[in-house]
Amino acid sequence: MLEWLKTFLPEPVLLHGLMGMHTLIVAFALVAGPYIAWKAIRAERSLWLYLALAFPPLVCLGRIANGRECILQSWARELRHIEHGWARDIYLLPESWALSVVLVAGALYFCGCAIWVSQRGAEKEQIF
């Protein structure tokens, strides 16, 4: 897919688009767990809750399908012409923090899901 995108956009534009998208993905992954817990405590169900529940497992499936490596990290290495090691693929985070995002987001998600499962009972359906 990256090769196809390269036919339409120059590499620097693709790289900054990838970094922007990856920054949003990381932000959503870090917020998903606390959001799930908040909705559980309020006994509310909504479309955003179900998206937050589905998002981290989908990211994990993408990593598994790509040989346990982030797909966007693979693309960033290709766009930066780096064969081995880490290539900057996210804004605002240094490498040492970026490598810990999966562990932190996973722990937050697990805690949020644990609270959600423990709070089963009265529910209020909402669209958003």
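Helix α3 gives the largest share of the lining of the largest pocket, with 8 residues. The structure is a predicted model.

**The pocket**

The largest pocket has a volume of about 780 Å³. Its lining counts 31 residues, and H22, V59, R63, C70 and V102 are the closest to its centre. Four helices, α2, α3, α4 and α6, each supply at least two residues of this lining. Residues 11-41 form α2, 71-80 form α4 and 101-118 form α6. Helix α3 covers residues 47-65.

What classes of residue make up the lining of the largest pocket?

| Class | Residues in the lining of the largest pocket |
|---|---|
| Nonpolar | 21 residues |
| Polar | 5 residues |

**Two helices crossing**

Two packed helices are described by the angle between their axes and the distance between the axes. Take α2 and α3. Their axes come within 9 Å and cross at roughly 125 degrees. That angle makes α2 oblique to α3. The crossing of the two helices, α2 and α3, is left-handed.

**A residue in α3**

Now look at one residue, L47. It sits in helix α3.

Conventions. Residues are numbered from 1 along each chain as its sequence is written. This is a predicted model: local features need pLDDT of at least 70, side-chain atom pairs count only at pLDDT 80 or more; totals for chains, interfaces and linings use all residues. Side-chain values use heavy atoms; hydrogens and water are left out. On a 1 Å grid over the protein atoms alone, a cavity is a set of points where a 1.4 Å probe fits but cannot get out, and a pocket is an open set with protein on both sides within 12 Å along at least five of seven lines; lining residues have an atom within 4 Å of a point. Grid points are joined across faces, edges and corners, and a volume is the space filled by probe spheres set on the points. Ala, Val, Leu, Ile, Met, Phe, Trp, Tyr, Cys and Pro count as nonpolar, Asp, Glu, Lys and Arg as charged, and the others, Gly among them, as polar. Axes are lines fitted to C-alpha atoms, for helices over the stretch in contact, and angles run from 0 to 180 degrees between N-to-C directions. Angles under 35 degrees count as roughly parallel, over 145 as roughly antiparallel, 65 to 115 as roughly perpendicular and the rest as oblique. A crossing is left-handed if the near helix is turned anticlockwise from the far one by less than a right angle, and right-handed if clockwise.
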